[in-house]
Amino acid sequence: MKLDFQHIDELAQLDSMIHRRHPLSKVLVTLFFIIGVTTQDKYGMLRLLPFFFYPMVVFILSDLPMKRLMKIGLPGLFFVVMLGIFNPLLDQSLIQVTDSLFISSGWLSFGTLLLKGVLTILAALLLIGTTGMAGVSRALILLRFPRVFVLQVSMTYRYMSLLMEEAVKTQQAFALRSCGVKKVPIKVFGSMVGQLLIRTYDRGNQVYQAMNLRGYRPMEEKVSFEDFLWQDGSYILVMGLFIFVLTFFDGVGFLGEVILGGQR
Amino acid sequence: MHMADALITPLVGGTMWVASTGMMAYSSRKLKVEINTDKIPLMGVLGAFVFAAQMINFTIPGTGASGHIGGGMLLAILLGPYAGFLAISAVLMIQALFFADGGLLALGCNMFNLGVFTAFVAYPFIYQPLSHKGKNLQNVGIVLATVIGLQLGSLGVVAQTMLSGQSMLPLREFLLLMQPIHLAIGLVEGVMTIAVIGFVRQHRPELLEVSHRVYRRLVISLGVLTLVLGAGLSLLASGNPDGLEWAVEKAGGSEALFESFASPVAFLPDYQYTSLSGIVGGGITLVMLLAVGFGLNMWKKHKAHEA
């Protein structure tokens with residue numbers, strides 16, 4: 001049984017220019033991108049705009065369904081909105097742009113937070129959508145993350161389906177025996193959840209032993225840079241340079257000055 | 001309570017990454033000695049369990065607000081602090097990747113807030129001393145450790161956000177917003193943890209029989225290191241006053257503006273990040289974004305047509 005979010009992993013099976021890049025190169029570019037975005041000043045909303053080139057280009061080149069990914073990622077903005085909404089209330093200063101044009105700095109910093117939120121969320125979803133869980137795990141090993149941690153990440157991810165299967169069975173059993181009671185009473189909550197945990201553990205143990213018998217040795221698996229091609233290096237270089245320029249150079253202001261003939 | 005990328009600076013995020021990956025390396029080294037084949041599936045299943053539990057929001061009694069459990073204490077009790085910390089870190093990593101919940105830069109903060117405080121502070125100092133003193137005291141220990149672990153975690157969120165200076169919320173209001181709600185979540189989570197542990201103790205006591213020793217000296221040295229890091233970060237932060245202070249300073253700097261400071265609205269002249277050229281440039285960037293998107297789409301269609 002697959003959960004909705006686990007279908008993102010299936011998207012990583014697609015074949016595209018971005019999908020073909022080595023997982024390590026995509027992990028590094030994503031990190032550079034997130035650092036570049038979060039480095040921007042809290043009023044630097046306009047300087048964040050060119051950062052949208054990255055998700056846009058990756059979305060188009062990788063054929064990922066933007067709507068579906070946004071639907072999964074947008075709830076992640078909740079905490080940002082919850083804290084950011086205080087900015088317009090607490091910071092009521094005005095920024096004078098021209099003689100008659102003023103912008104509220106509180107709203108500006110709130111807008112910046114929102115854009116930062118959207119960009120960082122998109123970056124993470126694009127990474128998993130083009131690389132998949134197995135790819136990210138490989139990159140983590142190459143980045144020298146402890147093996148046991150990487151194993152834990154992939155086991156947690158795989159056992160999620162197992163847990164859901166058992167949860168559906170438990171829920172069905174409860175529905176059949178509870179004569180129409182919909183909410184689980186607190187009295188049986190502990191035993192129901194505990195039962196679910198123990199059943200999943202037994203099932204998980206069986207699966208793990210079966211995998212072991214078929215030669216699954218995650219702690220000894222060899223991961224090397226063999227399939228890291230020059231194209232992957234170039235991808236890091238080009239994207240890294242692009243992000244570096246956006247981070248430290250005010251391209252938006254420069255463009256505007258050129259159009260306005262040197263006027264700020 | 002997951003910290004988001006947008007709310008922190010790379011300096012704060014990077015520092016917390018270093019601290020959390022340090023703990024990760026240490027826990028992995030400790031685990032290598034004690035890990036056995038039984039523990040691997042148990043770690044995976046419990047990780048999945050906490051992941052699923054975090055997806056379920058419950059109504060916090062008397063507030064109308066909702067929250068979800070952290071799950072760190074359950075993992076620490078069933079797996080021990082080292083494996084428990086790795087398990088909660090793995091859950092947070094999957095959430096950051098698949099839901100962008102928390103974010104990748106903020107992952108270090110989240111591992112620290114939900115993992116280190118629970119597994120290496122609340123577990124050895126609150127739960128463990130009470131765990132051998134009868135069932136009732138053990139249950140008290142579970143609730144206390146869960147509540148204190150979560151309180152420390154939400155304090156961590158407040159500290160990291162304030163040090164990053166992206167939110168304008170003053171410290172007092174921020175604390176009032178965060179701490180009480182996490183107190184309520186902690187109490188509910190504590191009761192849930194007791195229920196699950198009670199069931200496991202009754203039906204699979206062997207899962208709870210492992211003794212998990214945490215070296216308190218390590219925890220104390222970690223505490224000192226955190227204080228030093230915190231002090232260093234706050235020095236850096238105070239050298240660069242936050243937006244509101246900056247605005248007040250700037251507004252107070254000129255006589256004409258000083259008067260307007262008395263009114264709720266102040267003016268920030270010559271602001272470097274928003275100028276007419278910036279707005280014009282922003283407009284052009286948007287047009288360029290659309291043009292590049294359109295061009296790329298056309299090119300792709302053309303290529304697909306050729307193929």
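Where in chain A is Arg144(A) found? Arg144(A) sits in the loop between helix 8 (105–142) and helix 9 of chain A.

## Basis of the model

This is a predicted model, in which local features need pLDDT of at least 70 and side-chain atom pairs count only at pLDDT 80 or more, while totals for chains, interfaces and linings use all residues. Residues are numbered from 1 along each chain as its sequence is written, chains are lettered from A and ligands numbered from 1 in the order in which they are written, and side-chain values use heavy atoms, with hydrogens and water left out.

## Fold of chain A

Chain A has twelve helices and two strands. Helices (H or I, at least four residues) and strands (E, at least two) are DSSP runs, numbered from the N terminus. Along the sequence the order is α-α-α-α-α-α-α-β-β-α-α-α-α-α. The radius of gyration of chain A is 24 Å, well over the 18 Å that the globule rule gives for 264 residues, so chain A is more spread out than a compact globule. That radius is taken over C-alpha atoms, and the globule rule is 2.2 Å times the number of residues to the power 0.38. Along the principal axes, the C-alpha atoms of chain A fill a box of roughly 75 × 55 × 30 Å.

Of the 264 residues in chain A, 54% are buried. Buried means under 20% relative accessible area, exposed means over 50%, and partly exposed lies in between (1.4 Å probe, protein chains only). Among contacts in chain A with a separation of 6 or more, 78% are between residues 24 or more positions apart. A contact means heavy atoms within 4.5 Å.

## Interface of chains A and B

The contact between the two chains takes 99 residues from chain A and 97 residues from chain B. The size of an interface is often given as the accessible area lost when the parts come together. Here chain A and chain B bury about 8,600 Å² between them, with 79% of it on carbon and sulfur atoms. Buried area is the accessible area (1.4 Å probe) that two parts lose on being put together, summed over both.

Five residue pairs (both at pLDDT 80 or more) are in polar contact between chain A and chain B. A polar contact is a pair of N or O atoms within 3.5 Å; within protein, one must be able to donate a hydrogen and the other to accept it, and residues adjacent in sequence count only if both atoms are side-chain atoms. Helix 10 (residues 186–213) of chain A supplies the largest share of the side of chain A that touches chain B, with 16 residues. By class, that side has 61 nonpolar, 28 polar and ten charged residues. Ala, Val, Leu, Ile, Met, Phe, Trp, Tyr, Cys and Pro count as nonpolar, Asp, Glu, Lys and Arg as charged, and the others, Gly among them, as polar.

## Salt bridges between the chains

Two salt bridges are found across the interface of chain A and chain B. A salt bridge is a side-chain nitrogen of Lys or Arg within 4 Å of a carboxyl oxygen of Asp or Glu. In one, Asp63(A) pairs with Lys300(B), the closest N and O atoms being 2.4 Å apart. Asp63(A) is partly exposed, with a relative accessible area of 48%, and lies in the loop between helix 4 (53–62) and helix 5 (66–73) of chain A.

Asp202(A) forms a salt bridge with Arg204(B), with the closest N and O atoms 2.8 Å apart. This pair runs from helix 10 of chain A to the loop between helix 7 (171–203) and helix 8 (216–239) of chain B. Asp202(A) is partly exposed at 29% relative accessibility, whereas Arg204(B) is buried at 19%.

## Salt bridges within the chains

Over all chains, the count comes to eight salt bridges. One of them joins the side chains of Glu166(A) and Lys169(A) (3.7 Å, N to O). These two residues are three apart in helix 9 (residues 147–177) of chain A, so they are separated by about one helical turn. Glu166(A) is buried at 4% relative accessibility, while Lys169(A) is partly exposed at 42%. Not counting residues up to four places away in sequence, Glu166(A) touches Leu196(A), Arg199(A), Thr200(A) and Arg203(A).

In chain B, Arg172(B) forms a salt bridge with Glu173(B), the closest N and O atoms being 3.6 Å apart. Arg172(B) is exposed at 59% relative accessible area, and Glu173(B) is partly exposed at 37%. Back in chain A, salt bridges that share partners join Glu166(A), Lys169(A) and Arg199(A) into one network.

## Positive phi angles

Asp63(A) has a positive phi of about 60 degrees although it is not a glycine. Arg144(A), also a residue other than glycine, has a positive phi near 70 degrees. Arg144(A) is exposed, with a relative accessible area of 75%.
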